[in-house]
Structures are given as C-alpha cells and as structure tokens.
Amino acid sequence: MTQIELRGVAHGALRAAAGSFACTCTVITGDDARALATVVAVMSGAVRPERGVVLLDGVPLDTTPGARRRVASLLGSENLPFARDVDAAVARALRARGDVQRSHDVLARFGLDVWSRRAPNDLDRDELRSVALALALSHEQAEVLVLYEPLATSVSAAMSLEMAARRTLERGAVVVIATASRAGALRWGGPHCAVSDGVLAPVAHDSVARSDGAAP
Amino acid sequence: MSVRLGVDTARDLLARSRLKSYAAAAAATVVASGLHERASDASGADRALLGLTLPLVVPMACYAVFDCAFGAAKSSLRTEPLARYGADRFRVTLGLDAVAVATCAVLAAALALLAVLAASAMPMHALGDIYASVWGGALVGAAYGCLLALGSTWGRAGRLWLLLGDWVFGSGTGAAALPWVRGHARTLLGGEPVLRTSPALATVSLLVLASLCVLAAARRGPR
C-alpha cells in the first residue's frame, strides 16, 4: 500500500509538518496560502525541504527520480520545462516521467490543445496551472496525487475533478487536496488537516466529519 | 532519457538566444586582430592567437554561450521543471553542460581558425598552424566550457568569479596557474609555459581540469 510520509518537515512558511498519508483522500486546509502551497510543493518532490524529509514508501522523494515519477501534482506556482512551445514542453514533462502518451492527446483531452503552439513563457499563472493540472490528471500510473487549489484553474470547471480523484483512489493511490477555501474543503469531504500558524495538524474529530484513513 | 532531455533543452535554449550575434561579434574581433597582426611567417598567427583571441575573445565567447543557456540564474533552475516530473537532475545537468561545452569547443576552434587565416599572408603555407590551432582551440574552448559549467552552478556570479580567477592566477607561469585553463591553453598554443611544462602535458592538464569541472558541476546538488 502506497504511503507518503513527512518527517519533521519545515520549509519557508511551513514551520512544522509531520505524519503519513495512506490510500485515501485527505483534505488540508488553512488560512496561509503560502504554507499550503509549500505542503504541496514538498509532497510533490518539486521542493527540497529546508529541514526534514518526505518519504514515498520509505524512499526520499527529493533525491529519488523514480519516486518523483510516481507523483502527480499541481503546485501553487507552476513552470513548464523549457521548450519552443507548450506542446513540446508537455512532451518533455511526459518523457521525464516515462509516459508514452502524446502531448497533443493530453492537452486535447482537457481542451488545452489551442495553446499547444504558444510559448510556455507567454502563459499566465492560471494557464500554466491548467496545463499542470492536465498533466497531473493524465498520469495514469500516479501513486500519489497532490493538488493545490485544484478548483481554481480555468479548466477545473470543464472537468469532473471529483471523478478523476475517485479513479485515482480506486487504483490505490494517495490523494491530497490543499485548499484555503472552506467550501472547497467540504466539497472534497474534508477538512481532515489544517495548517495553522505554519504547523500542519489533524483537525479535531468533533469539528468535522472525517473520512477514514487520513492520519497525519 | 534524462541526458537526452538535458541535450534537447540546451539546444532549444541556445537556438532561441542571441548566441549567433555574439559569435559574429567575436569572429569580427578575431579577424580584425588577425589582419592587424598579419605577417608572411607564423609570427602573425602566434601574435593573433596569443595576443587577443586566446586570452580575451575565447573566454568571453564561452561565457556568452553559458549566459545564453542559463542566464543569471543557477544552472539547477533549468533542471528543476524536468526533475519535478521525475528526470534525474545529475543526468539532465550533464546533458545541458554537454551541449554548452560542445558549443564552446566548436566556437573556439572556429575563432582560432579565423585568427590564423586572417593573420597568415600565405595560409596554404600555414596548414600545420591551422591544424594545431583548430584542435588546440577546440580543447581550450571545451576546457573553458567545463570551467563555466562549474561556475554556472552558482549562477552568473559564479561564472564571473571563475573567469576572474582564471585571468588573475592563470596569467602567471608559477604553481598558482596550475588549476586554471589560461596557463595551460597558452602552453598548448606555443606561449610561455606554466612551470616549464610541455604542450603534451598541457593537453593532459586541460583534459583533467575539464573532466573534474564538469563532474563537479553535475554532482552539486541532489539527484
């Protein structure tokens, strides 16, 4: 069973995070958007925490390329790999994770193929996050799906994110959703954890109805 | 796969940069210097190579290659968007550096060739000089490329500091010049040798320096 574990993690606005996430959907909420985005960044392997370590099935995520290939993520701030256009940048991301899908097919599935000839630098923050969300949800071998504010991209409305997350869960993957929105957290069945004053902690059982299994 | 991703990224970065303009400016400078030093024997080519081309134009051209590839940021920033999806940082960096170093080698060889052709009144009589200058230039360019690959791990400032160190310490002929490219490059192309070493030893020294620098550059940071 896949398990992602945070051991004494601290990075920037995130002062302390510890715990493990198993095969269920865990919703993390909090007022500090930077701290929430940092939780997702360290759990995706995109950022090496200043202190502590993130382990995927006991393997350090930030120093193990094979472990990072098993994670699909949407960060607070996205950057595509450098390439002449979005199609080539997505193709490079797919090659990096060993995915044989065609970049155009991935973009077309989410209605983003109209951007395929644009330069990645020309995309704004929301467009970059939309492409990254398409990349994350198209990762059919992902064992961890960790998303920061997935409902806040321009393609979110055009797809059923809940269904995509459910399909991922059915594969036995870990799903982690980070959102500052109370309504968003409720929509995903949370919140289960909260980042308060930079510290990640479980939400008290009597304050929300928890889904079983989430145990940071 | 990760090396190939680095190679493709570097090719795109260089193709979309101003490198062609910088290379043209370097070539024009070298040709002008060669014409100024033009002589009927090999002395003109020597003066053109050792006077301006090797000490100034080649290092600056190699610096321009790395500036076009990495800009002011640390070279690791170019690998992060790929590493996040599972590429190996070490191998991506090797691929990026391999393209940049090869570009430096080709550029330096071309500049050395232009310098010799422009400075020789009878180029057909200087075929030996041309051959030695081209492969010597390529080796010097590759060595500067590897030095700058290491500097790029600290960003533009790292490159500038290493070039400054090369200028200050590599210009001498004592032991302080040993770990720098400039002294061995001068020895290789017939200038004043470092610690009376031979051109053959200078070749070995440049190869060792280049290998150490590029491996250190790729090894810095996590995978």
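Student: Which residues touch the most other members of the largest nonpolar core?
Tutor: This is a predicted model, in which local features need pLDDT of at least 70 and side-chain atom pairs count only at pLDDT 80 or more, whereas totals for chains, interfaces and linings use all residues. Residues are numbered from 1 along each chain as its sequence is written, with chains lettered from A and ligands numbered from 1 in the order in which they are written. A nonpolar core is a set of buried Ala, Val, Leu, Ile, Met, Phe, Trp, Tyr and Cys residues joined through C-beta atoms within 7 Å, and buried asks for 20 or more other C-beta atoms within 10 Å of a residue's own, against 12 or fewer for exposed and partly exposed in between, with C-beta atoms placed from the backbone. Of the 140 residues in the largest such core, those that touch the most other members are V39(A), A108(B), L111(B), A115(B), V140(B) and A143(B).

Student: Which helix gives the most to this core?
Tutor: Helices here are DSSP runs of H or I with at least four residues, and strands are runs of E with at least two, both numbered from the N terminus. The helix that gives the most contributes 19 residues and spans residues 89-119 of chain B, namely α5.

Student: With which residues is V39(A) in contact, leaving aside its neighbours within four places in sequence?
Tutor: Contact is taken to mean that the C-beta atoms of two residues, placed from the backbone, lie within 7 Å. Once the neighbours within four places are set aside, V39(A) is in contact with L14(A), A17(A), I28(A), A178(A), V195(A) and L200(A).

Student: Is D87(A) buried or exposed?
Tutor: The residue has its place in helix α3 of chain A, residues 86-96. Because 21 other C-beta atoms lie within 10 Å, D87(A) counts as buried.

Student: How far apart in space are D87(A) and D113(A), C-alpha to C-alpha?
Tutor: Beyond four places in sequence, the residues in contact with D87(A) are S103(A), H104(A), L107(A), S116(A) and R117(A). D113(A) itself is 26 residues from D87(A) in sequence, and from C-alpha to C-alpha the two are separated in space by 8.0 Å.

Student: Which residue just after α3(A) takes a positive phi?
Tutor: The place to look is just after the helix, where phi is about 70°. The residue concerned is G98(A).

Student: Is L19(B) buried or partly exposed?
Tutor: L19(B) lies in helix α2 of chain B, residues 19-36, and, leaving aside neighbours within four places, it is in contact with L14(B), A64(B), V65(B) and C68(B). The C-alpha atoms of L19(B) and D67(B), 48 residues apart along the chain, are separated by 9.1 Å. Because L19(B) has 19 C-beta neighbours inside 10 Å, the residue counts as partly exposed.

Student: What radius of gyration does chain A have?
Tutor: Chain A comes to seven helices and 10 strands, and along the principal axes its C-alpha atoms fill a box of roughly 50 × 35 × 30 Å. The radius of gyration is taken over C-alpha atoms, and the globule rule is 2.2 Å times the number of residues to the power 0.38. For 216 residues a compact globule would have a value near 17 Å, with which chain A agrees at 16 Å.

Student: What radius of gyration does chain B have?
Tutor: Chain B has nine helices and zero strands, and its C-alpha trace spans about 60 × 35 × 25 Å along the principal axes. The globule rule gives 17 Å for 223 residues, and chain B is close to that, so it is as compact as a globular protein of that length, with a radius of gyration of 17 Å.

Student: What percentage of the residues in chain B is buried?
Tutor: In chain B, residues 24 or more positions apart account for 72% of the contacts with a separation of 6 or more. Of its 223 residues, the buried ones make up 53%.
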